[in-house]
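This report looks at one protein chain and at how its parts pack together. The overall fold, the packing pairs and a few single residues are taken in turn.

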Amino acid sequence: MLLHDTGLVYGRYLRQSLRSRFALLFGVLMPLLYLLFFGPLLTDLPLGGDGSSWQLLVPGLLMQLGLFGASFAGFAVILENGQGVLERMRVTPVRRLALLLGRVLRDATVFAFQAVLLVLAAVAMGLRAPLPGVLIGFVFVALLTLSLAALSYALAMKVRTPQEFGPAVNALTMPSMLLSGLMLPMTLGPAWLDVLSHLMPFRYLVDAVRDAYVGHYATAHMLYGTLVTVALTALSVTVGTRVFRTAGA
């Protein structure tokens, strides 16, 4: 029944996303702008590590896509709460856990579509990466999207207005982007900044995806990235599930 209910919720929200094609394309606009206007500036610069500048930049842009897209997903829950949609869904036989899982799976699906567009544009710009590495990158960032979307929905259930939600998310996403080395490897900065960045979980995901894009799969970065991703996913889904089950009880 949980799978059936999740499928119903997933289908409902996926149809909503498909009807809003402008939103689908607009979500990938910012990473595309970085790709088009920032990427060429890095060509032939000594950025450290293996691979080309595109193999360093594109994994960071994929992570940026998942970070910002999923972190602001909770706005939809705030709107539904205000309109009474969520309350009406709670009184149906659909399980409350399915209300969360259907949403986050929709978000992961939307990310996959946007990520493919971004990688295709990057290939046209000069990216050359092994197909297994690209697919591994998709898996990492899809799990990141799922995790952050679950946390975003949980936060949205705790706040009442978009004015409370927006600043809280911004306060978390901006330091995460700056300290994770999404645009450039943190090893290019001073030692204290590199050390500080290791306290940010997303740093390990970025390093793992960059290794995958140069064809290095059995590395310490890949191991740490996998462990952090699994732990973050488990924690996020657990928190989101608990909030959805107790909300309105």
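At what angle do helix α3 (residues 29–37) and helix α7 (residues 96–125) pack, and how many Å apart are their axes? The angle is about 5°, and the axes are 10 Å apart. Axes here are lines fitted to C-alpha atoms, for helices over the stretch in contact, and angles run from 0 to 180 degrees between N-to-C directions. α3 and α7 are therefore roughly parallel to each other. The cut-offs are under 35 degrees for roughly parallel, over 145 for roughly antiparallel and 65 to 115 for roughly perpendicular, with the rest oblique.

The model is predicted: local features need pLDDT of at least 70, side-chain atom pairs count only at pLDDT 80 or more, and totals for chains, interfaces and linings use all residues. Residues are numbered from 1 along each chain as its sequence is written, and side-chain values use heavy atoms, with hydrogens and water left out.

**Overall fold**

The chain has twelve helices and zero strands. Helices (H or I, at least four residues) and strands (E, at least two) are DSSP runs, numbered from the N terminus. The radius of gyration is 19 Å, close to the 18 Å that the globule rule gives for 249 residues, so the chain is as compact as a globular protein of that length. That radius is taken over C-alpha atoms, and the rule is 2.2 Å times the number of residues to the power 0.38. Along its principal axes, the C-alpha trace spans about 60 × 35 × 35 Å.

Buried residues make up 47% of the 249 in the chain. Buried means under 20% relative accessible area, exposed over 50%, and partly exposed in between (1.4 Å probe, protein chains only). Contact means heavy atoms within 4.5 Å. Of the contacts with a separation of 6 or more, 80% join residues 24 or more positions apart.

**Helix pairs**

The table sets out the packing geometry.

| Pair | Angle | Axis distance |
|---|---|---|
| α3 and α7 | about 5° | 10 Å |
| α4 and α8 | about 20° | 8 Å |
| α5 and α8 | about 35° | 8 Å |

Start with α3 and α7. Pro-31, Leu-32, Leu-35 and Leu-36 of α3 meet Leu-118, Ala-121, Ala-122 and Met-125 of α7. By class, this contact has eight nonpolar, no polar and no charged residues. Ala, Val, Leu, Ile, Met, Phe, Trp, Tyr, Cys and Pro count as nonpolar, Asp, Glu, Lys and Arg as charged, and the others, Gly among them, as polar.

Next come α4 and α8. Helix α4 covers residues 53–71, and its angle to α8 is about 20°. That makes α4 roughly parallel to α8. Their crossing is right-handed. A crossing is right-handed if the near helix is turned clockwise from the far one by less than a right angle, and left-handed if anticlockwise. On the α4 side, the contact includes Leu-62, Met-63, Gly-66 and Leu-67. On the α8 side, Phe-138, Val-141, Leu-144 and Thr-145 are among the residues involved. The contact divides into nine nonpolar, four polar and no charged residues.

Helix α5 (residues 75–83) also packs with α8. This crossing, too, is right-handed. Val-77, Ile-78 and Asn-81 of α5 meet Tyr-153, Ala-156 and Met-157 of α8. Five of the residues are nonpolar, one is polar and none is charged.

**Single residues**

Is Ser-147 buried or exposed? Ser-147 is buried, at 1% relative accessibility. This residue is found in helix α8 (residues 131–158). Beyond neighbours within four places in sequence, Ser-147 is in contact with Leu-232, Thr-233 and Ser-236.

Thr-233 lies in helix α12 (residues 220–246). Thr-233 is buried, with a relative accessible area of 15%. Leaving aside neighbours within four places in sequence, its contacts are Leu-143, Leu-146 and Ser-147.

Two exposed residues follow. Arg-128 sits in the loop between α7 and α8. Its relative accessibility is 56%, so Arg-128 counts as exposed. Arg-128 and Val-94 are 34 residues apart in sequence and 45 Å apart in space, C-alpha to C-alpha.

Leu-178 belongs to helix α9 (residues 162–179). Leu-178 is exposed, with a relative accessible area of 58%. Leu-178 and Met-89 are 89 residues apart in sequence and 38 Å apart in space, C-alpha to C-alpha.
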